[in-house]
Amino acid sequence: MFGCLVAGRLVQTAAQQVAEDKFVFDLPDYESVNHVVVFMLGTVPFPEGMGGSVYFSYPDRSGTPVWQLLGFVTNAKPSAIFKISGLKSGEGGQHPFGTMTIARTPSVAQIGISVELLETLAQQTPVGNAAVASVDSFTQFTQKMLDSFYNFATSFAVSPAQMTPSPSEVFIPANVVLKWYENFQRRLAQNPLFWKT
């Protein structure tokens, strides 16, 4: 039902079922992992009204698992990217994995998925820095970058009468920069990820 992906590693699709509604993936050498993607395989949906809380667990100095809530996946949101690199020194919180012992070695962390009611998921608060910037944040950044570039470029604008000919310099008309700026904004509004294609 679930998959787990770390950049540069093979996709994991065989979660270990540790209870009827609990699944875990091992993350060997977790110290080198920055982000993890958790996704539904698309073969089996959640039952109506259900979703999955996603947790990150790493062993503390004594070897005890520390669980932290990253977020969730649902039929409506079947995948999510989580940043785990800053979580390794934080405090654990309440989690549905209880005191169950899950076989592991000290250099292995785990991603846990607990199937729960959507109402329960809505009331949970993930650790603050686990969420990866959303498309909205990316769009805002891009907009600010475009504004900054346009303002910078146009600050050098001069009229044709003010120009001093220089054979070593190339001049670009300001309306060309403006046209590019407007086209980029339009494409960004249509599809914030158009630049990936």
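User: What makes a surface patch?

Analyst: A patch is made of residues with over 30% relative accessible area and no salt bridge; like charges are joined within 9 Å, and nonpolar side chains (Val, Leu, Ile, Met, Phe, Trp, Tyr) within 5 Å. A salt bridge is a side-chain nitrogen of Lys or Arg within 4 Å of a carboxyl oxygen of Asp or Glu. Accessible areas come from the Shrake-Rupley method with a 1.4 Å probe, and for residues only the protein chains shown count as cover. This is a predicted model: local features need pLDDT of at least 70, side-chain atom pairs count only at pLDDT 80 or more, and totals for chains, interfaces and linings use all residues. Residues are numbered from 1 along each chain as its sequence is written, and side-chain values use heavy atoms, with hydrogens and water left out.

User: Which residues form the nonpolar patch on the surface?

Analyst: Val158, Met163 and Phe171 form it, with about 270 Å² of accessible area together. Met163 lies in the loop between helix 2 (135-154) and helix 3 (174-190). Helices (H or I, at least four residues) and strands (E, at least two) are DSSP runs, numbered from the N terminus.

User: How is Met163 classed by its relative accessible area?

Analyst: Buried means under 20% relative accessible area, exposed over 50%, partly exposed in between (1.4 Å probe, protein chains only). Met163 has 37%, so Met163 is partly exposed.

User: What is the strand order in the open sheet of 5 strands?

Analyst: Two strands pair if DSSP finds at least two bridges between them. Here the order is 2-3-8-5-6, with antiparallel pairing. Strand 2 (16-19) and strand 6 (65-73) are the edge strands; each pairs on one side only. Phe56 stands opposite Gln68 in strand 6.

User: What about the open sheet of 3 strands?

Analyst: Its order is 1-4-7, again with antiparallel pairing. Strand 1 and strand 7 each have a single partner strand, so one side of each is left without a neighbour in the sheet. Strand 4 and strand 7 pair over 5 bridges, and Phe39 stands opposite Ser79 in strand 7.

User: What is the phi of Asp29?

Analyst: Most residues other than glycine have a negative phi. Asp29 has a positive value, near 50°. Asp29 is found in the loop between strand 3 (22-28) and strand 4 (35-40).
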